[in-house]
Amino acid sequence: MLDNLVAYLDSIRARDPAPRSRWEILLYPGVWAVGLHRFAHWLFQARLYFLARFVNHLSRWLTAIDIHPGARIGKNLFIDHGFTVIGETAEIGDDVTIYQCVTLGGTNPTNGQGGKRHPTVRDGVIIGSGAQVIGPIVLGERARIGANAVVTDDVPDGATMIGLKARSTLVPAEEWLKEFIPYGTPCDEPCEEIASNGTRRIEELEAQLAAMRAELAELKAASQAPVRRNGTDS
């Protein structure tokens with residue numbers, strides 16, 4: 001058990017440059033939330049639903065992270081900071097990283113797939129802060145969900161999703177794949193290529209705005225100039 005705990009803490013340290021030691025990581029709310037969830041999930045599987053919910057509410061009060069006791073979580077889940085919600089039928093694989101204010105939310109129980117209302121997150125997925133992943137969808141292995149993205153459709157293996165509604169960055173996974181990308185979004189050349197169209201459009205709008213300002217200044221100057229009538233100024 002101690003070896004498993006050390007391996008878990010080391011997996012977090014590999015993804016987070018902030019802690020100076022394992023002792024610091026033991027104070028992380030995400031570590032406490034996952035640990036308390038393991039106990040709550042054991043109670044839930046034993047059909048001790050009230051006790052499972054009690055542990056869940058205690059954990060939420062202590063950590064600001066709400067993980068339903070029914071959620072199934074694999075190894076080395078790292079929840080960085082709090083205010084994250086994980087629903088009852090969510091399934092999370094190994095080595096998943098979730099940043100703050102993320103929701104793994106559900107759909108209406110009447111239109112779920114066999115009671116499955118929440119997402120399935122495969123191994124190695126990174127979900128950026130503020131992302132909303134909704135419904136019984138699947139996030140493929142090593143997928144990256146950008147900050148504040150809203151994902152309602154399945155995500156292929158290795159894809160990076162951004163925006164609202166989330167869309168793929170179209171960066172081939174085999175061309176841009178690292179062991180770990182903080183916050184779920186690459187920040188070098190691929191992002192520059194993706195943003196080039198938007199940047200160009202912003203530059204065009206800024207040029208149009210500058211031209212309009214210049215034209216407005218000319219009209220204002222012309223309206224304030226004295227008008228000559230019959231050889232005299234008026």
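Modeller: Gladly! Keep in mind that this is a predicted model. Let's begin at Lys165, which sits in the loop between β14 (160–162) and β15 (167–168).

Biologist: Which residue does a cis peptide bond join to Lys165?

Modeller: That partner is Leu164, and omega of the bond is about -10 degrees.

Biologist: Now to phi. What is phi of Phe83 near?

Modeller: Phi of Phe83 is near 60 degrees, a positive value although the residue is not glycine. You will find Phe83 in the loop between β3 (78–79) and β4 (84–86).

Biologist: Does Phe83 count as buried or exposed?

Modeller: Exposed means over 50% relative accessible area. Phe83 has 60% relative accessibility, so it counts as exposed. Asp95 is another non-glycine residue with positive phi, near 60 degrees. Its place is the loop between β5 (91–92) and β6 (97–98). With 39% relative accessibility, Asp95 counts as partly exposed.

Biologist: Let's turn to the strands. How should I read a sheet?

Modeller: The strands of a sheet pair through backbone hydrogen bonds, in either a parallel or an antiparallel sense. Here, an open sheet of six strands runs in the order β3-β6-β9-β12-β14-β15, with mixed pairing. Its edge strands are β3 and β15, each of which pairs on one side only.

Biologist: In what sense do β9 and β12 pair?

Modeller: In the parallel sense: β9 (residues 126–127) and β12 (residues 144–145) pair over two bridges. To place this pairing on your screen, look for Ile126, which stands opposite Arg144 in β12.

Definitions and conventions:
Residues numbered from 1 in each chain as written. Predicted model: local features only at pLDDT ≥ 70, side-chain atom pairs only at ≥ 80, totals over all residues. Heavy atoms only, no water. Helix = DSSP H or I, 4+ residues; strand = E, 2+ residues; numbered from the N terminus. Buried < 20%, exposed > 50% of the residue type's maximum accessible area, 1.4 Å probe, protein only. Pairing = 2+ DSSP bridges.
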